[in-house]
Amino acid sequence: MITIKLKHTVFFACIAAFALLILSCNSVYTPKKKGYFKIDLPQHSYQKFDRPGYPYTFEYPAYANVVQDSTYFEEQPENPYWINVDVPRFNAKVYISYNEIGGKARYKVRTKDGKYVDSVGVNKFVDLMEGSYKLTFKHSLKATSIDDSVFVTPNGVNGIWFKIGGNAATASQFLVSDSVKHFLRGALYFDAPPNEDSLSVVNQFLQEDVRHLINTLKWR
């Protein structure tokens, strides 16, 4: 009798284990959603950039710093009016370049032996526009879309806004000009791997700051 009871006990235990296995295999699996760390965003507040001698003024975030750009693609900028609006808490920068239309321009010229040397010319509005579009569309390999839109600011400054979709290195670029003397170009970059989803919250936040910079910009 003891042997029979033991056999029955083992049998029922196996049945129960098998039933649990079947039930667990048929249970509904809910994958864990992918998420990102919550980012605390500050209140938008601004201060004025009004440095003596500069051909422009604008307002930029109070949580940012303006530093003079020392290199441009490993070369010296054409003039001292190239600056970066650095936002260290988000590892972001707005790179701003300025050119005087009709002023001196430095170009690279290819010689017969295949080397490139510096050559001096004159900044033309058409050439500056073409160069800006080329720089923007260099991101076409990673971008899912590139849209441009024309605008006029409350201060009467004309410009073009570039919205770049996808995992490109930059999602926002712009240019402003009076087509006679001033030509300024800006681009928002993050010092982080380009990921449209993870950067979307900060990107939208800083885009508002970039638009404020544009809307408050004035020529001198």
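This is a predicted model: local features need pLDDT of at least 70, side-chain atom pairs count only at pLDDT 80 or more; totals for chains, interfaces and linings use all residues.
Three residues lie between β9 and β10, and the two strands form a hairpin. Strand β10 itself spans residues 170-177 and is mostly covered, with eight of its eight residues buried.

Strand β10 also pairs with strand β11, which comprises residues 182-190; the two run antiparallel and are joined by seven bridges. Within this pairing, Gln173 has Ala187 of β11 as its bridge partner. A hairpin is again formed, here with four residues between β10 and β11. In the turn of this hairpin, Ser179 adopts a positive phi of about 65°.

A further set of strands makes up an open sheet of three, arranged in the order β1-β2-β12 with antiparallel pairing. Its edges are β1 (46-49) and β12 (218-219), each of which pairs on one side only. Strand β2, residues 56-61, runs antiparallel to β12, and two bridges connect them. The bridge partner of Thr57 in β12 is Lys218.

Attention now turns to the nonpolar interior. In soluble globular proteins, nonpolar side chains tend to be buried together. The largest nonpolar core of the model contains 32 residues, of which Phe58, Val85, Phe174 and Leu206 touch the most other members. Two or more residues are contributed to this core by each of β2, β4 (83-87), β5 (92-100), β10, β11 and α3 (196-216). Helix α3 provides the largest share, namely seven residues.

The surroundings of Phe174 can be described in detail. Leaving aside residues up to four places away in sequence, Phe174 touches Val94, Ile160, Trp161, Phe162, Leu184, Arg185, Gly186, Ala187, Val210, Leu213 and Ile214.

Side chains of opposite charge can pair when their charged atoms come close. The count of salt bridges in the model comes to two. In one of them, the side chains of Asp50 and Arg220 meet at 1.9 Å, N to O. This pair links distant parts of the chain, 170 residues apart: Asp50 lies in the loop between β1 and β2, whereas Arg220 lies in the segment after β12. Asp50 counts as partly exposed because its relative accessibility is 38%. Arg220, at 43% relative accessibility, likewise counts as partly exposed.

Glu130 and Lys134 also form a salt bridge, with an N to O distance of 3.4 Å between their side chains. Both residues are in helix α2 (residues 125-137); because they are four residues apart there, about one helical turn separates them. The relative accessibility of Glu130 is 42%, so this residue counts as partly exposed. Lys134, by contrast, has a relative accessibility of 52% and therefore counts as exposed, the cut-off for that class being over 50%.

Notes
Residues are numbered from 1 along each chain as its sequence is written. Side-chain values use heavy atoms; hydrogens and water are left out. Buried means under 20% relative accessible area, exposed over 50%, partly exposed in between (1.4 Å probe, protein chains only). Two strands pair if DSSP finds at least two bridges between them. A nonpolar core is a set of buried Ala, Val, Leu, Ile, Met, Phe, Trp, Tyr and Cys residues joined through side-chain atoms within 4.5 Å. Contact means heavy atoms within 4.5 Å. A salt bridge is a side-chain nitrogen of Lys or Arg within 4 Å of a carboxyl oxygen of Asp or Glu.
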